[in-house]
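Please look over the sequence and the model shown below, and keep both in view while reading.

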Amino acid sequence: MPPPPPASGPRPPGSGATGGSARSHPALVFAGPEVTKEAGSTVSLPCNLTGPRLTWQWIPRYPVCAGVSGGMKTIYTVTAAGAHDALQGRFQTRLRLLTSQGSPSSVLQLQTLHMNDSGVFFCASPSQSAPPTSVTITPGCQAGVSIEGVPKEPIAAGASVSLSCAPCGERGPTSPPAGGATWQLNGKPPPNSTGLRLLRSNKVAIGDFSSRLEGLWSCHLPGDPPRSGGYCLELDPGAHGTQESPSPPSPGSGPGSGCGMTGLAVRCGLAFLLLSASLGAIGYVHWKSRDRPAGRPQRD
């Protein structure tokens, strides 16, 4: 059970302790508990908040690998009336809400984990947010292939990186591979690059890593049955600004106040209209005062 949520919602990026690869991303620095799971397993995301509407949010650690933009994503909502919805397509068939009669707490289970599910998860009500949890998914042996990357993250631009894949697990009778591994990047053949080499030993050697080579690297091994696996490679988030971080909340505010996560367009739009009206009134008074004929006395 997570500790009681702070009055001002989640801590802004940079306000927590740093250290370790799970906190290397600026959007993940403020994360509280850290959980490490293997691909193919299940993670439980508890929530001890109550309210007319609860949401679970996700800040992807590997947005390019996951095929999404940066920033917070609402992955699940549930209302007091029992209505619920999984809003992110990638999670729709893998989420399960667990509740206990007589208990205000609930647990959202995310099943069949993938490496690109890694990131920060937290639940929120209209008035407050629970402490976030940093979830790291390791490649494991989800589909008969284990992929190892060297070095471990974070990866800087221009760094030398290697990936190697090997069969793993037990998936029935296996015949010797008829050839080497087939590698893909984001579902397509890797781009031509002078620093990229595909080796016969089921390895990929990258001599000059850049944003062109970011994303989901997948290895496909021939045989009976065929095997495949995936691995996320992305630049150290400090090298570019592709990931968005949540804006620090104003004192005493939560997701449902200020220009935060809830009511952003409405509140900020009203503030803009009020400011525009005030500036218009000031301009009109200034114009009328200049337009008054010289020497004509003003009325009290």
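Are Cys165 and Cys219 buried or exposed? Cys165 is buried, and Cys219 is buried as well, where buried stands for under 20% relative accessible area, exposed for over 50%, and partly exposed for what lies in between, with a 1.4 Å probe and protein chains only. The model is a predicted one, in which local features need pLDDT of at least 70 and side-chain atom pairs count only at pLDDT 80 or more, while totals for chains, interfaces and linings use all residues. Residues are numbered from 1 along each chain as its sequence is written, and side-chain values use heavy atoms, with hydrogens and water left out.

Cys165 and Cys219 are joined by a disulfide with an S to S distance of 2.0 Å; the term is applied to a pair of cysteine sulfur atoms within 2.5 Å. Because Cys165 lies in strand E11 and Cys219 in strand E15, this pair ties together parts that are 54 residues apart in sequence; helices (H or I, at least four residues) and strands (E, at least two) are DSSP runs, numbered from the N terminus. A search of the whole structure finds 4 disulfides, and another of them links Cys47 to Cys123, whose sulfur atoms are 2.1 Å apart. The link of Cys47 and Cys123 is right-handed, with 85° about the S-S bond. Cys47 belongs to strand E2 (residues 43–47) and Cys123 to strand E8 (residues 119–124), so the pair ties together parts that are 76 residues apart in sequence, and both Cys47 and Cys123 are buried.

A further disulfide connects Cys141 with Cys168, S to S 1.9 Å, and it is right-handed because the torsion about its S-S bond is about 105°. Cys141 sits in the loop between strand E9 (133–138) and E10, and Cys168 in the loop between E11 and E12, so parts that are 27 residues apart in sequence are tied together. Here the two ends are described separately: Cys141 is partly exposed, with a relative accessible area of 30%, whereas Cys168 is buried at 15%.

The next element to follow is strand E4 (residues 73–79), which is largely enclosed by the rest of the structure because 5 of its 7 residues are buried. Strand E3 (residues 53–60) runs antiparallel to E4 and is joined to it by 6 bridges, where two strands are said to pair if DSSP finds at least two bridges between them. Thr55 has Thr77 in E4 as its bridge partner, and Thr77 also stands opposite Asp85 in E5. E4 and strand E5 (residues 84–85) are antiparallel and joined by 2 bridges; they form a hairpin with 4 residues between them, and Gly82 in the turn has a positive phi of about 100°.

Elsewhere, 4 strands form an open sheet in the order E10-E11-E14-E13, with antiparallel pairing. Its edge strands are E10 (145–150) and E13 (196–199), each of which pairs on one side only. E13 and strand E14 (residues 203–206) pair over 4 bridges in the antiparallel sense, with Leu198 opposite Val204 in E14.

Rings of Phe, Tyr and Trp (its six-membered ring) pair if their centres lie within 6.5 Å, and planes under 30 degrees apart count as stacked, over 60 as edge-to-face and the rest as tilted. Trp56 and Tyr76 form an edge-to-face pair, 6.0 Å centre to centre with 70° between the planes, and both Trp56 and Tyr76 are buried. The rings of Trp58 and Phe91 have centres 4.9 Å apart and planes at 80°, so this pair is edge-to-face. Trp58 is buried at 0% relative accessibility, Phe91 is buried with a relative accessible area of 0%, and Trp58, Phe91 and Phe121 form one aromatic cluster.
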